[in-house]
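Visitor: I would like to learn how to read salt bridges in a structure. Please take me through them one at a time.

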Amino acid sequence: MPLVPPVCPKDATTELLSVSLEDISMLQCPVCEGHWLYYGDLETLAEHHGEHVQTVAVGTAQAVKGTRHCPIDATLLDVRTFSDHRDIQVDQCPQCRGIWLDHDELENVLAASSVATPEHQPTLGQQAMLFVYALTKHPPFY
């Protein structure tokens, strides 16, 4: 059951706002500009664009328990890091698998996933979400 209202994992007080990026639903903090991504929406996006999804090199992925809480179910988030993408760190809920990206992390994801694509392929925003999905689709190992 979601917290009412969902609050920013970073400051634990600011109410998150519902937004969409190219038809991808997410929550955004109006203060820190971080984003909460629903894992089910990322899975659906990956299924829809499966033939256009490039393999993402993850390298060694590590996870540790963080200090932030999931805005949906209040579970303590895991902090995931990736050896092939040292500038990207994501907080992921082990329960609902939702993903929190701080503002600078989202910018790093957009930079890492930006490639020129024909019209029928995913948009830049969709590519970024697919990139995050590829990084986080395997459960973390401690």
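Visitor: Is Asp102 buried or exposed?

Guide: This is a predicted model, and in it Asp102 has a relative accessible area of 10%. Asp102 counts as buried because the cut-off is under 20%.

Visitor: What does the side chain of Asp102 meet in a salt bridge?

Guide: Side chains of opposite charge can pair when their charged atoms come close. Here the partner of Asp102 is Arg68, at 3.0 Å from N to O. Asp102 lies in the loop between β7 (99-101) and α2 (103-113) and Arg68 in strand β4, so the pair connects parts 34 residues apart in sequence.

Visitor: Which residues are joined with Asp102 into one network?

Guide: Arg68 and Asp91 are, through salt bridges that share partners. Between Asp91 and Arg68, the closest N and O atoms are 3.2 Å apart. Asp91 belongs to strand β6 (residues 89-92) and Arg68 to strand β4, so this pair ties together parts 23 residues apart in sequence. Asp91 is buried at 3% relative accessibility, and Arg68 is buried with a relative accessible area of 18%.

Visitor: How many salt bridges does the count come to?

Guide: Three. Among them is the one between Lys65 and Asp78, 2.9 Å from N to O. Lys65 sits in strand β4 (residues 61-69) and Asp78 in strand β5 (residues 76-82), 13 residues apart.

Visitor: Is Lys65 buried or partly exposed?

Guide: Lys65 is partly exposed, at 47% relative accessibility, whereas Asp78 is buried, with a relative accessible area of 2%.

Technical notes:
Residues numbered from 1 in each chain as written. Predicted model: local features only at pLDDT ≥ 70, side-chain atom pairs only at ≥ 80, totals over all residues. Heavy atoms only, no water. Salt bridge = Lys/Arg side-chain N within 4 Å of Asp/Glu carboxyl O. Helix = DSSP H or I, 4+ residues; strand = E, 2+ residues; numbered from the N terminus. Buried < 20%, exposed > 50% of the residue type's maximum accessible area, 1.4 Å probe, protein only.
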